[in-house]
Amino acid sequence: MDRESTGGTPTRLPRPSAPAGPAGDLPRGAAGPLGPSAVTVLQRAAGNAATTRAVAAGSGRRPPGADLTVQRAENDDAGGGASGGTAEAKSIAEGEVKSVGPGGTITYPSVTSCLAITVYLRDGGKVGGHASLFKASGGMYSDQILPEIKAQVGKSRVERIDVSGAISSWNPAYLKTAIENSNPAPEQKNDPDGIRNVVSGILGRQAKKVSVQETRDGTLTR
């Protein structure tokens with residue numbers, strides 16, 4: 001910054017006034033600690049670092065958690081508040097079993113000759129397994145899917161169970177003994193009731209809780 005001199009002493013330039021902002025910005029000249037709404041405005045306008053500095057300057061002390069990388073404003077209706085969060089979304093490939101919490105979403109990609117088995121829990125969570133006719137690289141055998149689902153469900157209360165996919169390409173026996181380990185392997189047959197009974201039996205749930213449906217090839221979301 002260039003400065004003009006008077007008698008060898010630098011003259012301080014006047015501080016420019018704060019630019020006018022849109023409605024809802026912080027009031028000029030406000031004193032004292034900044035409230036949650038003011039913190040939210042700063043956070044959205046200049047990021048978490050600016051929020052930390054502004055709160056510290058307004059309160060005259062280091063705000064709790066100022067060393068945290070992320071500062072979240074309280075009561076932020078836009079989703080940035082402490083109570084905000086995004087529901088889980090997981091993709092389950094062939095031979096995998098995964099779970100999501102309440103409100104979560106499970107995606108089963110490329111369900112062609114496979115079965116997508118989804119257990120809906122009473123608390124809103126889900127446990128899903130993607131059973132393939134033949135073992136996928138790095139995945140589990142078809143007869144390992146249901147025991148793993150049962151282990152992840154544990155003692156959680158079950159609302160219902162959905163089995164979707166290439167029902168007509170399966171034999172219920174494949175869920176108990178994988179094709180690769182069968183000698184000879186049972187022939188494929190369309191037996192939705194048989195699949196329902198095997199699923200309910202291995203998971204230890206009533207058959208009436210299990211729905212079985214043939215679906216078109218593609219991605220399934222549950």
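Mentor: Let us begin with E159, which is partly exposed, at a relative accessible area of 43%. The model is a predicted one. The partner of E159 is R122, and the closest N and O atoms of this salt bridge are 2.9 Å apart. The two residues link distant parts of the chain, being 37 residues apart. E159 belongs to strand β8 (residues 158-165), while R122 sits in the loop between β6 (115-121) and β7 (126-131). R122 also counts as partly exposed, with 42% relative accessibility. Both values fall in the partly exposed class because that class lies between the limits of 20% for buried and 50% for exposed.

Another of them joins D193 to R196, with an N to O distance of 2.6 Å. Here both partners lie in helix α3 (residues 192-203), three residues apart, or about one turn of the helix. D193 is partly exposed, its relative accessible area being 48%.

A further salt bridge brings together the side chains of K98 and E96, at 3.6 Å from N to O. That distance qualifies because the criterion requires the nitrogen to be within 4 Å of a carboxyl oxygen. K98 has a relative accessible area of 28% and is partly exposed; E96 is likewise partly exposed, at 28%.

As a general point, side chains of opposite charge can pair when their charged atoms come close.

Technical notes. Residues numbered from 1 in each chain as written. Predicted model: local features only at pLDDT ≥ 70, side-chain atom pairs only at ≥ 80, totals over all residues. Heavy atoms only, no water. Buried < 20%, exposed > 50% of the residue type's maximum accessible area, 1.4 Å probe, protein only. Helix = DSSP H or I, 4+ residues; strand = E, 2+ residues; numbered from the N terminus.
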